[in-house]
Amino acid sequence: MKYVLLLLGILLLGALPGQQTLHVITTINPHPGEDIAQGCRKDRENVHKLFDFVARSLHERGTGMTVRMHAPDYDPEEVYAFLEGLQVAPDDAVIFIYSGHGLEDVQAPRWPLLYYCAGGNTTPDPESCGYSLEEVHEQLRAKGVRMSLTIGSSCNAEPRTTAADRVVRRLGSREEELNALNETAYQNFDLFTRYEGHILASSALPGQLAYLNDDIGSYYIDALINTVAEALQARQAVSWASILRRTDRVVREEWKKEQEAQFLIQRDEVAMYSDDTHHYPGDAENLTGIDEDEYSPDWEESLDEEEALELLPYYLIATLAERSTDELTFNGDLAGLRAFYDYVLEVHYGQADEYFWETALSDYAEDEEWFYEELLYYSELLDDLDPEWQGEVDDFLLTLGR
């Protein structure tokens, strides 16, 4: 009798309102010895770090949502069978994350073919090893869940790289992002618990490569995880559309790669595209762009201002170099310039941070091309920012040389 009562209790518990599951499915290249192997291992580590944090936080907040991690065998048939057999409830959410090689799909080239076989840089075998990212999206959408998010971090072209890209800039600025989240600032866990819709995101447009290195993993996955972390600690409302738009921007501007992400948001039978200017075979005749209501402009603008403050040393150092008559004058004014930057950070952040200053100074001395690319990015950020603090900067710069 007690076992019957126990079973009844379990069934009733499962039927309680508010019981939800966030299913996180990862298929991340496990093949050793490939040029992307170490970067993909880093992706796996970072994804698990994020969702371990999310699981703890959802539990501590009493949301009624649990997180289940899934890692089906890295094989297209196994992945298909797993997705078909996945047991879900209507109020569940499913996140699918792929990191590995990818090919342009000649049948429907907008979204890549995920490439599950080893040897991604050899002659590809799409028929046996490929699995359309779009098909994963459609499988999840057909399961009737409240939310699905299908993410592919891969090339969307014939693989041509022979080694992982080792360029690293601004690495570590958010290395402890998740651990440092302010417990009083959790505002946006409804991204997982309440969002309704289906999202498909690819890290590259057709014909483009996707980049990674051994230290951080895929540039796209790293940017996505950091952006989600920023969203979870934001005091403004944040949408998935803004998270994905911001992720794309981080990859392009922080890593200076010709890699443009794309995503679509599907509600009911309406699909809205972030990239509605390019048309590929298989696209509808008229593509619908993402509705501006899907974005969170206040949050994005606050991040732009934060990033401009982080890049301010490039502007300060470049201005000093332009106005200095010789190296002795430049070095003599450098300490005052650094003190002013610390003051700006104290006013706007509440604390100084030597990391951004030292990175800019190192780039100025050792990598002129990168230095001026960062300076250009700083200038672009100023177009949409409140000019109040920029005016203070310009007033200070007028004192140089006096």
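Colleague: Leaving aside neighbours within four places in sequence, which residues is Tyr295 in contact with?
Modeller: This is a predicted model, in which local features need pLDDT of at least 70, side-chain atom pairs count only at pLDDT 80 or more, and totals for chains, interfaces and linings use all residues. Residues are numbered from 1 along each chain as its sequence is written, and side-chain values use heavy atoms, with hydrogens and water left out. Tyr295 is in the loop between strand 13 and helix 9 (297–323); helices (H or I, at least four residues) and strands (E, at least two) are DSSP runs numbered from the N terminus. With contact meaning heavy atoms within 4.5 Å, the partners of Tyr295 beyond its neighbours within four places are Ser239, Ala241, Ser242, Arg245, Phe263, Ile290 and Glu300.

Colleague: Is Tyr295 buried or exposed?
Modeller: The classes rest on relative accessible area: under 20% is buried, over 50% exposed, and in between partly exposed (1.4 Å probe, protein chains only). Tyr295 has a relative accessibility of 11%, so this residue counts as buried.

Colleague: How far is the charged end of Arg245 from the centre of the ring of Tyr295?
Modeller: A charge sits over a ring if NZ of Lys or CZ of Arg is within 6 Å of the ring centre and within 35 degrees of the ring normal. Lys257 has its charged end over the ring of Tyr211, 4.8 Å from the centre. Arg245 has its charged end over the ring of Tyr295, and the distance to the centre is 3.6 Å.

Colleague: What is the class of the aromatic pair of Phe192 and Trp240?
Modeller: Rings of Phe, Tyr and Trp (its six-membered ring) pair if their centres lie within 6.5 Å; planes under 30 degrees apart count as stacked, over 60 as edge-to-face and the rest as tilted. The whole structure holds 16 aromatic pairs. For Phe192 and Trp240 the centres are 5.8 Å apart and the planes 75 degrees apart, which makes the pair edge-to-face.

Colleague: How many residues apart in sequence are the parts that this pair ties together?
Modeller: Both Phe192 and Trp240 are buried. Phe192 lies in helix 6 (residues 190–193) and Trp240 in helix 8 (residues 240–255), so the separation in sequence of the parts tied together is 48 residues.

Colleague: What is the angle between the planes of Phe340 and Tyr343?
Modeller: Both residues lie in helix 10 (residues 327–349), three residues apart, about one turn of the helix. Phe340 is buried at a relative accessible area of 8%, while Tyr343 is partly exposed at 41%. Their rings form a tilted pair at 6.0 Å centre to centre, with an angle between the planes of 40 degrees.

Colleague: Which cysteine does a disulfide join to Cys117?
Modeller: A disulfide here is a pair of cysteine sulfur atoms within 2.5 Å, and the count comes to one. Its S to S distance is 1.8 Å, and with -85 degrees about the S-S bond the link is left-handed. Cys117 lies in the loop between strand 5 (113–115) and helix 4 (126–129), and its partner lies in helix 4, twelve residues apart.

Colleague: Which side chain does the side chain of Asp283 make a polar contact with?
Modeller: A polar contact is a pair of N or O atoms within 3.5 Å; within protein, one must be able to donate a hydrogen and the other to accept it, and residues adjacent in sequence count only if both atoms are side-chain atoms. Asp283 is in the loop between strand 12 (270–273) and strand 13 (288–289), and is buried at 19%. Its side chain reaches the backbone nitrogen of Tyr280 at 2.9 Å. The side-chain partner, at 2.9 Å, is Arg110.
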